[in-house]
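Work through the exercises below with the sequence and the model open.

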Amino acid sequence: MNVLACVKRVPATAGRIRLVEGDREIDTRYLGFTVSPHEECAVEEAVRLVEANGGSATVLTLGPEESVDQLRSAVAVGAQRAVHLATDGREWDPGATAGAIADAVRADRDAGMSYDLLLFGNEAADTGDYQVPVRVAHALGLPCVTGIKQLSVDDGRATAKREASGGWEVFDVPLPAVVAVREGINLPRFASVPGRLRARKAAIDRREPAWPGNALDMVRLVVPGGEDKRVEMLGQGPEAAPAAASIIRNLGLVP
Amino acid sequence: MTVLVFVEHEDGAIAEASLEAATLARRLAGDDVQAVAMGGDHAGETGLGPITLHVADDERLAGGYAPAAWGRAVADVAGRVGAAVVMAPGTDRGNEVAAYVAAFLGQPMAANCTDVRPADPLEVTRVRWGGSLLEEATLRGSPAVITVSPHAVGVERAPGAASVATFRPPLQDDDLRVRVTAKEQPPAGKVSLGEARVVVGGGRGMGGADGFQVLEELAGLLGGAVGCSRAVTSAGWRPHTDQIGQTGARIAPDLYIACGISGAIQHIVGCKAAKRIMTVNTDPEAPILAQSDWAIVGDARAVVAALVAELRSGA
């Protein structure tokens, strides 16, 4: 089977986020770049499905020139093909992004590469738009499931599960299909040394889609402020347990 | 300007996140708000007030959640009432149904908004990075589709019964290709992270999978649930279903007890809706202290063991 996994380059944030002047971008001077944990899992799932069923795993991204780094990281963990939808660095809104991905999938189909499964992360780490997979599915006339944390494929159908109120909802999906996955669907592998060497030399299928304009336009970013609380120190080590216990009792939380 | 709100419900009881969306809708459009729900008996007080509540009544919808079909039904009502804005809660289903509405209508969507202001184009504030950053944006569309970030808007229940208008949505065969075909219930007696009044979270500072035993004991005493940080699931100490954070569960308990968790920004966004946070950490400079109401400096295993003993002693 042929599986496509879509990823997005984002800064690797950990501590407090700082903005550059103009408040339209994150200050990335001291940050590396990565993809969302959901997307790492999408790539891993694509590679595992191809290992089990044959075929090929393709990784695709839409983004600036530097996004090739994220494609190579996916090749290093087992993707065979890499497609770069190159932009000039401006942000594409989710509608524009979905349109370009759907066009790329159609172009691949016309060139003889049809995908059985299009995998996405459930939402991008940065913009959290929650809609690109659904829009791509709609554009291509494919069924779609989102929020998936378990996936099995058998005989042209997929069984997909997502968490709901502590239990699971089970979906039965005919292939080809779009599946948006969440972290936890697998534990992604680390790149091997041969994988990294292969990635460095991998051919990147570079395309330049035309930007159709945005309907959702960022004006500026804001770091939410004033959230630090004044923490009351209860003490050091086990001796502080009685103070903690009395707080919990006073909150009425001991049944 | 008519605003149409998609509301989720359980046996007719409107879900909290949907009431939040309805509250934001009234702030935007005053009385010019209508709602749409999939089935259910909505007689009496709903919290939505005396508005028109469109209820999809179709046996094809009765067989379990079908995302595209629900989206088709909402898009149908949006067209019939001439909605300028379609709103939905920023829940799993709300975001998914809204995405279908936007795709079917060829309109833009802004997910997880915390505020929306009337202007042309519409001005929204929405969460980025799971909530560690906000974005002010404009949304050019009619209808513009918006989902409302959970816990961002305080619910104002509107009194009065809704006027129910049932309708049969124009479903297409493809809309029913994907639906919930089975449900697996959580193990009996297990409190889910999302619903627990007390959550006890463990991080790398618990030292290993066995370090969570004492957290289970504490959670058991308080009728709560155990959660963990991403470092813990990545290390394989706990299943991913226990993970709290941007790519795991969002929790909103009365008390979150964070043990051996330093508090990466991705973890904080998953627990900051907790009413109170108590932290146990060896590092008094750990970022989670800035989000905490109370802190104990020390080894989490030893401190929690002492806390369990203290609570058991009933002093």
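**Exercise 1. Find the bridge partner of Cys259(B) in β16(B), and describe the pairing of the two strands concerned.**

Step 1. Cys259(B) has Val280(B) as its bridge partner in β16(B).

Step 2. Strand β15 of chain B covers residues 255-259, and strand β16 of chain B covers residues 276-281. The two run parallel and are joined by 5 bridges. Strands count as paired if DSSP finds at least two bridges between them. Strands are DSSP runs of E with at least two residues, helices are runs of H or I with at least four residues, and both are numbered from the N terminus.

Before going on, note that this is a predicted model, in which local features need pLDDT of at least 70 and side-chain atom pairs count only at pLDDT 80 or more, while totals for chains, interfaces and linings use all residues. Residues are numbered from 1 along each chain as its sequence is written, and chains are lettered from A and ligands numbered from 1 in the order in which they are written.

**Exercise 2. Describe the side of chain A that touches chain B.**

Step 1. Count the residues: 69 of chain A are in contact with 69 of chain B. Contact requires C-beta atoms, placed from the backbone, to lie within 7 Å.

Step 2. Elements of chain A that each supply at least two residues to this side include α1 (37-53), α4 (132-140), β13 (216-222) and α6 (241-250). The largest share, 8 residues, comes from β10(A).

Step 3. Sorted by class, this side has 37 nonpolar, 17 polar and 15 charged residues. Ala, Val, Leu, Ile, Met, Phe, Trp, Tyr, Cys and Pro count as nonpolar, Asp, Glu, Lys and Arg as charged, and the others, Gly among them, as polar.

Step 4. In β12(B), Glu184(B) is the bridge partner of Trp168(A).

**Exercise 3. Compare how α3(B) packs with α2(B) and with α4(A).**

Step 1. The axes of α2 (residues 67-81) and α3 (residues 92-105) of chain B come within 8 Å and cross at roughly 60°. α2(B) and α3(B) are therefore oblique to each other. Angles under 35 degrees count as roughly parallel, over 145 as roughly antiparallel, 65 to 115 as roughly perpendicular and the rest as oblique.

Step 2. The crossing of α2(B) past α3(B) is right-handed, meaning that the near helix is turned clockwise from the far one by less than a right angle. Residues making the contact include Trp70(B) and Val74(B) of α2(B), and Tyr100(B) and Phe104(B) of α3(B). By class, 11 are nonpolar, 1 is polar and 2 are charged.

Step 3. α4(A) and α3(B) pack at about 40°, with axes 9 Å apart, and α4(A) passes α3(B) in a right-handed crossing. Val134(A), Arg135(A) and His138(A) of α4(A) meet Glu96(B), Ala99(B), Tyr100(B), Ala103(B) and Phe104(B) of α3(B). These residues divide into 5 nonpolar, 1 polar and 2 charged.

**Exercise 4. Is β4(A) enclosed or open, and which strands pair with it?**

Step 1. Of the 8 residues of β4(A) (residues 56-63), 7 are buried, so the strand is largely enclosed by the rest of the structure. A residue is buried if 20 or more other C-beta atoms, placed from the backbone, lie within 10 Å of its own, exposed if 12 or fewer, and partly exposed in between.

Step 2. β1(A) (residues 2-7) pairs with β4(A) in the parallel sense over 6 bridges, and Cys6(A) has Leu60(A) as its partner. β5(A) (residues 81-86) is joined to β4(A) by 6 bridges, also parallel, with Leu85(A) as the partner of Leu62(A).

How values were computed
Contact = placed C-beta atoms within 7 Å. Axes fitted to C-alpha atoms, helices over the stretch in contact; angles between N-to-C directions.
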